[in-house]
Amino acid sequence: LSWDEIFHHVNGLLRFEYLKSLGEFQDYNYFNNRYYPGLYDTISYTIGHIFLLINKNFYNNYIVEIKHFVNFAFSFSSLVGFYLITNLLFNKSISLLATLLTLLNPFFFGHMGINPKDTIIFFSLIYFCYFFYKYLVFEKHTYLNLCAASFFIGFGCGVRLSFVALIFPIFVIGLIYLLKNHKNYRNLPQRIVVHSIISFLIIFCLVVLCWPHVHLDFFSLIFSTIKNSINWSAGPRLGLINGVFYETSKTPITYFLDMFKFKIPIFFSILIFFSYYIFFTNKKFFSELVENFRLKFMIVNILVIFPIFISIIFSVKIYDYLRLFIFIIPFVSLISSLSLYFFLKNFNNSLNSKLSIFFILFFFLVFFFRFISLTPYQYTYVNFSNIKIKNSFNKFEHDYWGTSFKELVINIKKQHNQSELDNFKFSVCGGDKDALLFYLKKYLNISKLYNPNVATHIIMTNRASFDISNKVTCFNQY
């Protein structure tokens, strides 16, 4: 169980009960869930509930695995969507390489099963892009593509209302395309108005469907949710990058540069560098292979840069390394795939391409060894700026979502008998107490946690303190 999963599970349960009762169920408040539209939470819970109806024992024994399967299915289908649109825009080989690089990205791969929101944002974004592109370019099935694109906007906003900001540049690009390519300008304003109304209705229905709070107070809650998205006060107050603490409400401008220095796999960064180098020095190669390559390359870069730019301009609170920006990883992978495609295409005819491939292969093999050795905690990856991963323990919040609790509790059960366990008083630091209690109760029949001052054992990760005046991790504190 990751840190946020229980919250989203309970949120889905409450929204499910509200819908099942046709609005009669009113006990749907849970922590700060009034700011969460809850669409995916409700869908995920409903799928699990079907398993409950079929076999209650199976559901009770494998509820976490069911949740992770649902998350993984959505994440995997997002890769399918990514392949489809890159195949349309570029070619089959580039789309295969970009999809493979995305899958091998430790942060994307590591979150595929455990993340009930950030990977779902990418799922919504990529299928919106796919159907919006078809809506703009193809004359057939206009209304079908419009409705599908609108559905995925609604799906994304139903997960996180700020999703609409991510697609703003895509809307602008689409509008410019319509103005330049529409055959009948007299009908264009009418088309935009009619299609906008259809799109708005679909989006509106999906956003409010599983959000009972807005049924009573729509406008003020929408505005307060937008305001809270910009000035988010929940979550960690301190982060840790290469041994240096920072206040998450004052995320340093160099944050993303630090991600490349310490977190992004080195072979990945090399490919990105080569892609830009080839773009500026050998434009003819891709321009002959891909129609309007320069324009498409620029759009991909906008999709990467725009959310980073917005987060810097509005001083958005950023933590958990690349988790909140998982949706840009596939587009960065697409940029990386261009140089890899170039070297493979020219491998037989160019010594430089051969040397480049072997150079990249060396760093890939080094990366892949660490990637495999971290299983199933790939999302904690640090690159070889730290040659030995043990040297990075006090430099980064490795298991920032506490997913190692299950393994730790199972190991405790193996090493101690029940009479010893009966005398243990557990506390927690750097992880979700509800997630820990779930495993303590399941494996050790323990249903209570204690204050650290009276506990005999503290189960912890190296998460930074939530007290900005106390710049330590749990490992340093205890």
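Modeller: The lining of the second largest pocket divides into 21 nonpolar, 4 polar and 3 charged residues (Ala, Val, Leu, Ile, Met, Phe, Trp, Tyr, Cys and Pro count as nonpolar, Asp, Glu, Lys and Arg as charged, the others, Gly among them, as polar). This is a predicted model, in which local features need pLDDT of at least 70 and side-chain atom pairs count only at pLDDT 80 or more, while totals for chains, interfaces and linings use all residues. Residues are numbered from 1 along each chain as its sequence is written, and side-chain values use heavy atoms, without hydrogens or water.

The volume of this pocket is about 740 Å³. Leu89, Tyr133, Ile173, Leu295 and Ile299 come closest to its centre, out of 28 lining residues. A pocket here is an open set of points on a 1 Å grid, with protein on both sides within 12 Å along at least five of seven lines; a cavity is a set where a 1.4 Å probe fits but cannot get out, and lining residues have an atom within 4 Å of a point. Volume is the space filled by probe spheres set on points joined across faces, edges and corners.

Five helices each give the pocket lining at least two residues: α4 (63-89), α7 (118-137), α10 (168-181), α17 (293-313) and α18 (329-345). Among them, α10 supplies the largest share, 7 residues. Helices are DSSP runs of H or I of at least four residues, numbered from the N terminus.

The whole structure has 1 cavity of 30 Å³ or more, and the largest cavity has a volume of about 50 Å³. Its lining is made by Leu125, Leu166, Ile170, Leu303, Phe306, Pro307, Phe327 and Phe331. Here α17 is the main contributor, with 3 residues. By class, the cavity lining is 8 nonpolar, no polar and no charged.

How far can you trust the model? The average pLDDT, the predictor's confidence in each residue from 0 to 100, is 94 for the protein, and 100% of the residues score at least 70. Confidence is highest in helix α5 (residues 92-103), at a mean of 98, and lowest in helix α13 (residues 218-230), at 88.

Two backbone details are worth a look while you have the model open. Most residues other than glycine have a negative phi, and most peptide bonds are trans. Leucine 22 has a positive phi, near 55°, and sits in the loop between α1 (5-20) and α2 (39-54). Threonine 375 and proline 376 are joined by a cis peptide bond, with omega about 0°; proline 376 belongs to the loop between α19 (351-373) and α20 (405-415).

Finally, there are 11 salt bridges in the whole structure (a side-chain nitrogen of Lys or Arg within 4 Å of a carboxyl oxygen of Asp or Glu). In one of them, the side chains of aspartate 258 and lysine 261 meet at 3.9 Å, N to O. These two residues are separated by about one helical turn, because they are 3 residues apart in helix α14 (residues 255-262).
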